[in-house]
Amino acid sequence: MASIAQFRKKFKDDYFEKIKFISEYFSTKDITSAITQAEYRWRDRIWNPAGTFWTFMLQVLHAGSSCRDAVAMFLAEQAATGQKVTASADPSGYCQSRSHLPRSLFSTALKTVGQKLQEKACAADLWFSRRLWVVDGSSCSMPDTPALQEHFGQPSGQKEGCGFPVAKFVAMFCWATGAVLDVAVGPYRSSELYLWRQLWHHLKPGDIVLGDRLYCVYAYLAQLQDMGCDGVFRLNGSRALTMDFCEGQRLGKNDRLITWKRPLAPSRGLSRDVIDALPATLKVRIIRYHIQRPGFQSEEIMVATTLLDAKTYHLNDLAELYRDRWTVELRLRDIKTTSEMDILRGKSVDVIYKEIYMHLLVYNLIRALMWQAAIEHSCPLHRLSYAGTVQHINAAIPYLWLLAETEKALCLYRLLLEWVARDILPYRPDRIEPRVIKRRMKEYGLLNKPRHIMREQLVR
C-alpha cells in the first residue's frame, strides 16, 4: 500500500501546478489532505489518486468525452512532455481507480475552490457590503440501471423500464463571482427545501439569501433571521393571491411592512416541534413592482424580505436584486447544457455523486478564470461567455501542459485571459425567444414498453 510520503515523492511533477488558473485554487496537496482525512489508502499503481482526479477533470472539461477519450488525452499529455508512458489505453484501470476514490475528496475539492474564489471577491463585489447567495435547485438524469433506480427513483409518469432515474440537487451560488459554494444531492423525490437546509452551515451572520417563491416559507425566514441572516424571496402563490396592500404599515408606494403569524400546520420537511419553537409572529416586508414586456401583459411581481429598513434598502434596489435571481438559471444552463451535466454517464450511485461534484468543480475553475480575466481587463464578469471560455480553455490546456514553467506558457496564459475578456455577450435585457426547435428529429417511435419485451416481439 502506498503511503503519503511515497505519494508526495512520486508526484513531484504536479498535474495541477502546470495550469495557472487551476493551481491558484487547487493542487495535489489538497488531494493529499482530503484523502488523508478520509483515511483512504491505495495500491502504488499507475492510476494513482492525482492522476485519476486529473483525468476525470479532463473528461468533464471536454463535454461529452468518454472514459476512453479522457485516458487518451492523459496519455497524450504524458507522451508530449517526454514522460515514459506505461499505462494502457484501456480505460478499465482508470474507471476502477475513479470508483475507489472517496466521495469526500470531490465534495472537499468543490468547497475549497468555491471558498477561495469567494474570498478573492473584494468589498465592491458585495451587495450593500453584505455577502449574497443565490439558491436554486435542478435535476439530472442518468443510465437506467437497477442500482440507480433503487437509490434515485424516476418520475411517476414514466413506465417501469421506459424511463430514467433522476437526481435532484440544490446549489448555493455566490452572487458576486457566480461560483458554487456547495451542493446537496438527493433522490428525485427529495424535498428541495430539505436539500437546501443541508447547506445552511455555510451561512454567516450578515449573509443574504436570494431565491424563488419555493423558498418563501415562514419557518425558513424566521430561522434565517434568528441566524442573523436575511432572505429575499418571491411571494409564493397562496400568499400572493390573498395579499392585501391595505394591511400593515405603509413604507412607501407598493411597499408594506406586515406581520405574519406562525402557521398552524407543519411546513414541508419540518416537524411539529420545530414549528412550535418558531416565534409566534414575524415582521416581513412586501414590495410590489411591475414588469412591462413588448407583446405581453404587464406582470406583477411581489417579493417578501426580512430587510425591513426601507431607507437603506430601497424598493428599486430590491426589485433590481430579484431581477438578478434569473442569473442563477443561466448558471444552471451553463452547467447542465454547455458542460452536459444534464445526462450523467455513471452506472453506480457513488460515481453519479462524484460526477455531479466534478462538474461543479470544473464549473468553479472556469468561473475563476473568467473572474481573473474580468479583473485584469476591466470587463463585466457576468457578461463573459461561459461557452466561449470553455472552448478557449480546451484549446489552450494541452499547450499550457507542454510548455509548463516556460515564458511561452506565461504568454499563452495572458493571451487566454485576453481571449476570455473579449468574448462578451451582447446586452439583451428582457430577451424573448420561443422554446421551440427548428431541426426535425429522426422519426423513430418511442420506447413505451421495457426494451426486453419489445425485443421479444420483434423475433416472434
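In helix H6, which spans residues 92-100, the residues Tyr-94, Ser-97 and Arg-98 are buried, where buried means under 20% relative accessible area, exposed over 50%, and partly exposed in between, with a 1.4 Å probe and protein chains only. These three residues cover an arc of only 100 degrees around the axis, which puts them on the same side of H6; the arc is that of the directions from the helix axis to the C-beta atoms. This is a predicted model, in which local features need pLDDT of at least 70 and side-chain atom pairs count only at pLDDT 80 or more, whereas totals for chains, interfaces and linings use all residues. Residues are numbered from 1 along each chain as its sequence is written, and side-chain values use heavy atoms, with hydrogens and water left out.

**Overall build**

- The protein chain holds 18 helices and 9 strands, these being DSSP runs numbered from the N terminus, with helices (H or I) of at least four residues and strands (E) of at least two.
- The radius of gyration of the protein chain is 25 Å, close to the 23 Å that the globule rule gives for 460 residues, so the chain is as compact as a globular protein of that length; the radius is taken over C-alpha atoms, and the rule is 2.2 Å times the number of residues to the power 0.38.
- Taken along the principal axes, the C-alpha atoms of the protein chain fill a box of roughly 75 × 70 × 50 Å, and 50% of the 460 residues count as buried.
- Among contacts in the protein chain with a separation of 6 or more, 67% are accounted for by residues 24 or more positions apart, a contact meaning heavy atoms within 4.5 Å.

**Helices H6 and H10**

- The buried residues of H6 pack against helix H4 (49-61), helix H5 (67-80) and H15.
- In helix H10 (residues 218-226), 7 of the 9 residues are buried, so this helix is largely enclosed by the rest of the structure.
- The buried residues of H10 are Tyr-218, Ala-219, Tyr-220, Leu-221, Ala-222, Gln-223 and Leu-224, and the helix is followed by Gly-228, whose phi is positive, near 85 degrees.

**Nonpolar cores**

- The largest nonpolar core has 103 residues, of which Phe-16, Phe-53, Trp-54, Met-57, Phe-173, Ile-356 and Met-358 touch the most other members; such a core is a set of buried Ala, Val, Leu, Ile, Met, Phe, Trp, Tyr and Cys residues joined through side-chain atoms within 4.5 Å.
- Helix H15 (residues 349-377) gives the most to this core, with 18 residues.
- Apart from this core lies another, of 40 residues, among them Cys-174, Leu-195, Trp-200 and Leu-235.
- Leaving aside neighbours within four places in sequence, the contacts of Phe-53 include Phe-16, Phe-26, Ile-31, Leu-101 and Met-358.
- In soluble globular proteins, nonpolar side chains tend to be buried together.

- Asp-136 has its place in strand E1 (residues 132-141) and is buried, with a relative accessible area of 3%.
- Beyond its neighbours within four places in sequence, Asp-136 is in contact with residues including Glu-192, Asp-212, Tyr-215, Arg-325 and Glu-329.
- Ser-385 has its place in the loop between H15 and helix H16 (386-402) and is buried, with a relative accessible area of 10%.
- A polar atom of the side chain of Ser-385 lies 2.9 Å from the backbone nitrogen of Gly-388, while Met-370, Asp-423 and Leu-425 are in contact with Ser-385 once neighbours within four places in sequence are left aside.

**Cysteines**

- The count of disulfides comes to 0, a disulfide being a pair of cysteine sulfur atoms within 2.5 Å.
- The sulfur of Cys-67 is 3.5 Å from the closest cysteine sulfur, in Cys-95, which is too far for a bond.
- Cys-67 is buried, with a relative accessible area of 16%, and Cys-174, at 6% relative accessibility, also counts as buried.

**Positive phi in two loop serines**

- Ser-129, in the loop between helix H7 (103-120) and E1, has a phi near 65 degrees, a positive value in a residue other than glycine, and it counts as exposed at 66% relative accessibility.
- Ser-378, found in the loop between H15 and H16, has a positive phi near 50 degrees, again in a residue other than glycine, and it counts as exposed at 70% relative accessibility.

Terms used: Polar contact = N/O pair within 3.5 Å; in protein donor to acceptor, adjacent residues only side chain to side chain.
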